[in-house]
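I opened this model to check two things.

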Amino acid sequence: MPVFRVSRQVACWMLQSPACGCRASVLPSRLLGTSPRQIPMDANFHSTSFSEADQQRVLITGDKLHSPSYNKAKAAGGLGQLGVGLASFLRKRFGKDNVILSDIRKPPEHVFLSGPFIYSDILDYKNLREIVVNNRITWLFHYSALLSAVGEANVSLARAVNITGLHNVLDVAAEHGLRLFVPSTIGAFGPTSPRNPTPDLCIQRPRTIYGVSKVHAELMGEYYYYRYGLDFRCLRYPGIISADSQPGGGTTDYAVQIFHEAVKNGRFECNLKPDTRLPMMYIDDCLRATLEVMEAPAESLSMRTYNISAMSFTPAELAQEVLKHIPELQVTYNVDPVRQAIADSWPMNFDDSNARKDWGWKHDFDLPELVTTMLNLHGSESRVAQAN
Ligand SMILES: NC(=O)C1=CN([C@@H]2O[C@H](COP(=O)(O)OP(=O)(O)OC[C@H]3O[C@@H](n4cnc5c(N)ncnc54)[C@H](O)[C@@H]3O)[C@@H](O)[C@H]2O)C=CC1
Ligand SMILES: CC(=O)[C@H](N)C(=O)O
């Protein structure tokens, strides 16, 4: 009978956490390279305010996109839905100059003036590495992605950005010892997952390229954690609702658009059926959860990928809550079959008990507070617009 010998070190990274103290030290081959171009002779360090070891230097990836149709849609609304909000949130914590927002296109003036902004295409590994080195980045938030609906419209681009881009980010983060946050999503589950509620660990067979790429990201991040000790942290976000930016082409976009349309036109045409139940979250909760999991002591994390949840509602329930404030609102339904099929395969309720137990996650916004807050923000914006 053959005898298989497995070294203690290899067994350790296969079976346990890096905390076992015998992490394999071999990095993937491209991480070993010491290309003379890695640090240019004229490297220009922008990190004027970097001083203490505990002062993080943060890079956020992900704002604009190559695809002309996608760009046209985003041009009206500005940058990525979450990246700009995250930058502003983290700048309050780490200081304006210590949080760098990145993009592949020119930002609008208010974003450019609000703090450091830099060109970065996540498909360009050397560019990414140069930015991390020159700016002495310590934490990386990887937000670049094509969301569920736009991903189905352009599978090859989604595959490149969501999978190849992630590989670049993982390698750069491992090579430079960064703490890496990658958001996952309710879309990482599929029709064969338990949907009500959906626990952290269960079958994951999504049927969108977006979902497949996010499961890939979860697994690759966890693999790099066990294999190379990369400090990878990941939250599965519900649909995120925010007032100051346009959604990026997802299935949950309706829950953002209803507020824009209700205030602007008093009418809203919903592209999901009225009884489609999905988990949702207000952006303030999402950003706070993201910082909390990044700051959580490593020993409090029993997993590297957590569900987080706040509320769950249907379009009819959301419309009913908005009607309490805008009784004249007219809501009609014109179902988009692609988005509906995606929504029907996603969780209805998210079980986030592990996040609550391990690092004290607690949401602040339920449906009534969400609606009041969103309408207040839109109301003040429209009053400003009218005054101008
Ligand atoms: N908004 C939501 O409801 C949810 C978002 N998430 C995740 O959060 C992250 C951010 O989401 P959003 O801000 O809503 O997405 P978004 O679509 O608004 O922004 C994503 C950004 O990635 C950028 N990007 C694409 N290709 C790039 C490239 N080659 N180099 C650099 N950047 C590139 C796009 O330009 C875009 O601005 C994504 O990873 C998404 O999967 C997860 C669950 C829910
Ligand atoms: C929930 C998400 O990941 C995103 N908003 C989408 O609908 O694609």
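**Confidence first**

I looked up pLDDT, the predictor's confidence in each residue, from 0 to 100. In the chain, helix α2 (residues 68-77) has the lowest confidence, with a mean of 38, while strand β11 (residues 305-307) has the highest, at 99. Helices (H or I, at least four residues) and strands (E, at least two) are DSSP runs, numbered from the N terminus. Residues 1-10 have a pLDDT below 50, and this stretch has six contacts in the model beyond near neighbours in sequence. I took a contact as heavy atoms within 4.5 Å. Residues 383-388 also stay under 50, with zero contacts beyond four places in sequence. The chain average is a pLDDT of 86, and 79% of the residues score at least 70. I noted ipTM 0.99 and pTM 0.89.

**Ground rules**

This is a predicted model, where local features need pLDDT of at least 70, side-chain atom pairs count only at pLDDT 80 or more, and totals for chains, interfaces and linings use all residues. Residues are numbered from 1 along each chain as its sequence is written, chains are lettered from A and ligands numbered from 1 in the order written, and side-chain values use heavy atoms, leaving out hydrogens and water.

**Ligand 2**

Which residues are around ligand 2? I found L147, S148, T185, I186, Y210, G250, T251, T252 and W346, each with a heavy atom within 4 Å. By class, four are nonpolar, five polar and none charged; Ala, Val, Leu, Ile, Met, Phe, Trp, Tyr, Cys and Pro count as nonpolar, Asp, Glu, Lys and Arg as charged, and the others, Gly among them, as polar.
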